[in-house]
Amino acid sequence: MLYAAVIAVAIVALAATTAIAVLVDTAATVAASIDARREFELLAPTTTVMVVFRWVGDGTLTDAELDRANTDVQRRLFDEGRAVIGRTTIGGRVALKFTVVNPDLTVDDLVALLDAIADEVVREG
């Protein structure tokens, strides 16, 4: 009986470790995608499941204008029921963040959110 319990705990631990590794890999992959897009900027290294970035457009806006654009797009997407994207401040700059904790979330889902952010900023800009 004890042996079966130990095996069960080991299986659960292995499954949890694998699930966490998938989430971390998803976050790292979407961070690389953000880094490859000129209209976005990574603001912190992605070391676990959190990806911190901001929309920067074509690079012509001031920091204050970028802060306002990122705040506005995060609020609009939430208010319209289209996306729940986190927001924080890093180095005095407004940042958006993905916290990848849903195992059903894919890189394609997150790239679609990036597209929605870029499209919404341009639409409202």
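V51 touches A27, V30, A31, I34, L42, T46, L96, K97 and F98, leaving aside residues up to four places away in sequence (contact means heavy atoms within 4.5 Å). This is a predicted model, where local features need pLDDT of at least 70, side-chain atom pairs count only at pLDDT 80 or more, and totals for chains, interfaces and linings use all residues. Numbering starts from 1 along each chain as its sequence is written, and side-chain values use heavy atoms, with hydrogens and water left out.

**The core**
- V51 turns up again in the largest nonpolar core: of its 26 residues, F40, V51, F53, W55, F98 and I117 touch the most other members.
- Such a core is a set of buried Ala, Val, Leu, Ile, Met, Phe, Trp, Tyr and Cys residues joined through side-chain atoms within 4.5 Å, with buried meaning under 20% relative accessible area (1.4 Å probe, protein chains only).

- Four strands make an open, antiparallel sheet in the order β1-β2-β4-β3; strands pair if DSSP finds at least two bridges between them.
- β1 (40–42) and β3 (86–90) sit at the edges with a single partner strand each, so one side of each has no neighbour in the sheet.
- β2 and β4 pair over 4 bridges, and M50 stands opposite T99 in β4.

**Helix α2**
- Its buried residues include L66, D67, A69 and N70.
- Just after α2, G81 takes a positive phi of about 75°.

Terms used:
Buried means under 20% relative accessible area, exposed over 50%, partly exposed in between (1.4 Å probe, protein chains only). Helices (H or I, at least four residues) and strands (E, at least two) are DSSP runs, numbered from the N terminus.
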